[in-house]
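Please have a look at the sequence and the model, then try each task before reading its solution.

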Amino acid sequence: MKLGEYGLAVFPQNKLSDDDLQSFQLQYGSNIAKFSVTTKFQGTSWCSCQIYLFKYSDKIVISDIDGTITRSDVLGHIIPAIGGQWAHAGVAELYSKIMQNGYKIVYLSSRAIGQSHTTKSYLQSFGPRF
């Protein structure tokens with residue numbers, strides 16, 4: 001990592017070393033972060049996100065969204081956007097029981113970053129703990 005313009009951290013190899021991660025001084029749970037992506041044709045775009053730091057003893061389940069929570073990849077994007085429900089039957093109850101058993105769920109998706117807000121809203125539509 002090197003310090004760039006305006007004191008921003010720059011990662012030339014697009015990967016973080018152990019020292020880089022420790023320099024963030026992350027707290028357990030949610031940590032707010034902001035990063036940018038610069039391209040020749042579109043300029044610089046900024047994105048805010050949360051970095052979660054779990055304890056080594058935390059139990060986690062990693063879940064895809066489209067085709068796992070939703071009934072299909074493509075329609076999983078479209079149907080909820082127009083107000084429909086396209087989740088597998090019982091998925092909300094299953095994930096609720098997983099969380100009640102002390103597991104934390106990490107969601108993975110290949111959806112575009114521009115869909116992050118609607119994806120998060122979709123997951124939260126199943127209940128406050130999603």
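**Exercise 1.** Does Phe54 count as buried, partly exposed or exposed, and what is its relative accessibility?

Solution. Before starting, note that this is a predicted model, in which local features need pLDDT of at least 70, side-chain atom pairs count only at pLDDT 80 or more, and totals for chains, interfaces and linings use all residues. Residues are numbered from 1 along each chain as its sequence is written, and side-chain values use heavy atoms, with hydrogens and water left out.

Step 1: recall the classes, where buried means under 20% relative accessible area, exposed over 50%, and partly exposed in between (1.4 Å probe, protein chains only). Step 2: Phe54 has 29% relative accessibility, so Phe54 counts as partly exposed.

**Exercise 2.** Find the aromatic pairs and describe their geometry.

Solution. Step 1: rings of Phe, Tyr and Trp (its six-membered ring) pair if their centres lie within 6.5 Å; planes under 30 degrees apart count as stacked, over 60 as edge-to-face and the rest as tilted. Step 2: searching the whole structure gives two aromatic pairs. Step 3: Tyr52 and Phe54 have ring centres 6.3 Å apart and planes at 15°, so this pair is stacked. Tyr52 is partly exposed, because its relative accessible area is 48%. Step 4: Tyr95 and Tyr107 are also stacked, at 6.3 Å centre to centre with 10° between the planes. This pair links distant parts of the chain, as Tyr95 is in helix H3 and Tyr107 in strand E6 (residues 103–108), twelve residues apart. Helices (H or I, at least four residues) and strands (E, at least two) are DSSP runs, numbered from the N terminus. Step 5: Tyr95 has 5% relative accessibility and so counts as buried, whereas Tyr107, with 22%, counts as partly exposed.

**Exercise 3.** Locate the salt bridge and say which parts of the chain the pair links.

Solution. Step 1: the rule asks for a side-chain nitrogen of Lys or Arg within 4 Å of a carboxyl oxygen of Asp or Glu. Step 2: the count comes to one salt bridge. Step 3: Lys104 pairs with Asp58, and their closest N and O atoms are 3.7 Å apart. Lys104 belongs to strand E6, while Asp58 is in the loop between strand E4 (43–53) and E5, 46 residues apart. Step 4: Lys104 counts as partly exposed because its relative accessibility is 37%; Asp58 is partly exposed too, with a relative accessible area of 25%.

**Exercise 4.** Which rings have a lysine over them?

Solution. Step 1: a charge sits over a ring if NZ of Lys or CZ of Arg is within 6 Å of the ring centre and within 35 degrees of the ring normal. Step 2: Lys55 lies over the face of Tyr28, 5.3 Å from the ring centre. Step 3: the charged end of Lys59 sits over the ring of Tyr103, at 4.7 Å from its centre.
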